[in-house]
Amino acid sequence: GHKFNKHALTAAHKTLKLETKVRVTNLHNNKKVIVLINDRGPYVRGRIIDLSQAAKNTIGMEGTAKVKLEIIDD
């Protein structure tokens, strides 16, 4: 992937194609963010996506949260 930048709207996912755009919705507050998959992971059981700090801040996420993922077609 790319060099990690916690200030960019990026994320890591195990199987989605790199450069895929994904809309992530925080199911607790319904806030949404569009991120670019640019890395692999997470490697923690039960997690499906790792968001950058900027993306977490955008959707009001602290620690872990239940989220919905939607692939964005260009």
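Is Val24 buried or exposed in this structure? Val24 is buried, because its relative accessible area is 0%; buried means under 20% relative accessible area, exposed over 50%, and partly exposed in between, with a 1.4 Å probe and protein chains only.

The model is predicted, so that local features need pLDDT of at least 70 and side-chain atom pairs count only at pLDDT 80 or more, while totals for chains, interfaces and linings use all residues. Residues are numbered from 1 along each chain as its sequence is written, and side-chain values use heavy atoms, with hydrogens and water left out.

## The sheet

Helices (H or I, at least four residues) and strands (E, at least two) are DSSP runs, numbered from the N terminus. Two strands pair if DSSP finds at least two bridges between them. Five strands form an open sheet with mixed pairing, in the order 4-1-3-2-5. Strand 4 and strand 5 (67–72) are the edge strands, each pairing on one side only. The table sets out the pairs.

| Strands | Sense | Bridges |
|---|---|---|
| Strand 1 (residues 10–12) and strand 4 | antiparallel | two bridges |
| Strand 1 and strand 3 | parallel | three bridges |
| Strand 2 (residues 21–26) and strand 3 (residues 32–39) | antiparallel | five bridges |
| Strand 2 and strand 5 | antiparallel | six bridges |

Individual residues show how these pairs are arranged. Ala11 stands opposite Leu51 in strand 4, and the bridge partner of Ala11 in strand 3 is Ile37. Arg23 stands opposite Glu70 in strand 5, whereas Val24 has Val33 as its bridge partner in strand 3. The hairpin of strand 2 and strand 3 has five residues between the strands, and Asn30 there takes a positive phi near 65 degrees.

Val24 lies in strand 2. Contact means heavy atoms within 4.5 Å. Lys68 is 44 residues from Val24 along the chain, yet their C-alpha atoms are separated by 5.7 Å.

In soluble globular proteins, nonpolar side chains tend to be buried together. A nonpolar core is a set of buried Ala, Val, Leu, Ile, Met, Phe, Trp, Tyr and Cys residues joined through side-chain atoms within 4.5 Å. Here the largest such core has 13 residues, and Val24, Val35, Ile49 and Leu51 have the most contacts inside it. Strand 2 and strand 3 are the elements that give two or more residues to this core. The largest share, three residues, comes from strand 3.

Leu51 is in contact with Thr10, Ala11, Val24, Val35, Lys56, Ile59 and Met61, leaving aside its neighbours within four places in sequence.

## Two buried loop residues

Where is Ser52 placed? Ser52 is in the loop between strand 4 (50–51) and helix 1 (53–58). Ser52 counts as buried because its relative accessibility is 0%. Apart from residues up to four places away in sequence, Ser52 touches Phe4, Asn5, Lys6, Ala8, Leu9 and Thr10.

Ile59 is in the loop between helix 1 and strand 5. Ile59 is likewise buried, because its relative accessible area is 0%. With residues up to four places away in sequence left out, Ile59 touches Val24, Asn26, Asn29, Lys31, Lys32, Val33 and Leu51. Ile59 and Lys14 are 45 residues apart in sequence and 21 Å apart in space, C-alpha to C-alpha.

## The largest pocket

On a 1 Å grid over the protein atoms alone, a pocket is an open set of points with protein on both sides within 12 Å along at least five of seven lines, and lining residues have an atom within 4 Å of a point. The largest pocket has a volume of about 200 Å³, a volume being the space filled by probe spheres set on the points. It is lined by 13 residues, of which Arg47, Ile49, Met61, Thr64 and Ala65 are the closest to its centre. By class, this lining has six nonpolar, three polar and four charged residues. Here Ala, Val, Leu, Ile, Met, Phe, Trp, Tyr, Cys and Pro count as nonpolar, Asp, Glu, Lys and Arg as charged, and the others, Gly among them, as polar.

Conventions
On a 1 Å grid over the protein atoms alone, a cavity is a set of points where a 1.4 Å probe fits but cannot get out, and a pocket is an open set with protein on both sides within 12 Å along at least five of seven lines; lining residues have an atom within 4 Å of a point.
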